[in-house]
Amino acid sequence: ILTFLDHHPLSKYFSLISEACEQKGYHAIPLQTHRQHSEISKQLNELEQHHVDGLVFLGYDQRAYDQYLRLWQTSHAMIFRLFDPMLCNIPFDYVLVDHCRSSELLASHILSEGWNDIIFVTEEEFMAIIDKGYSRVLTREWVRQGLQRKDFVRKTILYKGRTAQSRYEAV
C-alpha cells in the first residue's frame with residue numbers, strides 16, 4: 001500500500017518487494033492511495049473482503065489506526081515503513097527510516113564538498129517538513145563545521161503534483 005507507484009523511491013521499494021515475493025511464490029499487488037487520506041479507510045475496509053496473505057504499508061496514516069488495528073487483530077501479517085521515531089510505540093511491526101540521520105549525513109557531505117548555495121526542490125505540501133526538518137539540520141551542520149552563517153544561501157523551488165514533469169517544469 002503506497003501513495004504513488006510512479007514516485008521514486010516508492011517505485012523502487014515496490015519493485016524490491018515484488019521480487020522478494022516472487023522468490024517465495026507470492027505476488028505483490030500494489031494499492032495506491034494517491035495521498036487521498038480520506039479514502040484510506042475505505043480501501044482498507046475493501047481489503048478485508050479479500051484474501052490477503054500480508055500487507056506492506058509504505059506509509060503510515062495515524063487517522064487510519066483503527067482500521068490498521070482491526071486488520072492486525074484478524075491475523076493479517078502487516079509491516080509499516082515509518083519516518084517518525086515518535087510513532088515507534090505502535091503495536092505493529094515496522095521499519096524506521098531515519099530521515100533525520102540521513103539528512104545529517106547528506107548535509108555533512110554537501111558542506112564538506114564546499115557547496116553553500118542549497119536549493120530544495122519539493123512539493124508545496126512538504127514545505128513545512130523542509131522548514132522544520134531539513135533546513136534546521138543543514139543549519140546545525142553548517143554551524144558544526146564552523147562555517148559563517150552569511151555564506152549560507154537557501155532557496156526553495158516548489159512544484160505542484162507528484163510527477164517528473166511537474167518537477168522538471170518547476171526547475
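## Aromatic pairs in a predicted model

The model holds 9 aromatic pairs, where rings of Phe, Tyr and Trp (its six-membered ring) pair if their centres lie within 6.5 Å. Planes under 30 degrees apart count as stacked, over 60 as edge-to-face and the rest as tilted. This is a predicted model, in which local features need pLDDT of at least 70 and side-chain atom pairs count only at pLDDT 80 or more, while totals for chains, interfaces and linings use all residues. Residues are numbered from 1 along each chain as its sequence is written, and side-chain values use heavy atoms, with hydrogens and water left out.

Here are two of the pairs, side by side.

| Pair | Centre to centre | Angle between planes | Class |
|---|---|---|---|
| Tyr-65 and Phe-92 | 5.8 Å | 50° | tilted |
| Tyr-68 and Phe-80 | 4.8 Å | 70° | edge-to-face |

Helices (H or I, at least four residues) and strands (E, at least two) are DSSP runs, numbered from the N terminus. Tyr-65 is partly exposed at 29% relative accessible area, whereas Phe-92 is buried at 2%. Buried means under 20% relative accessible area, exposed over 50%, and partly exposed in between (1.4 Å probe, protein chains only).

Tyr-68 belongs to helix H3 and Phe-80 to strand S2, so the pair links parts 12 residues apart in sequence. Tyr-68 is buried at 2% relative accessibility, and Phe-80 is buried as well, at 1%.
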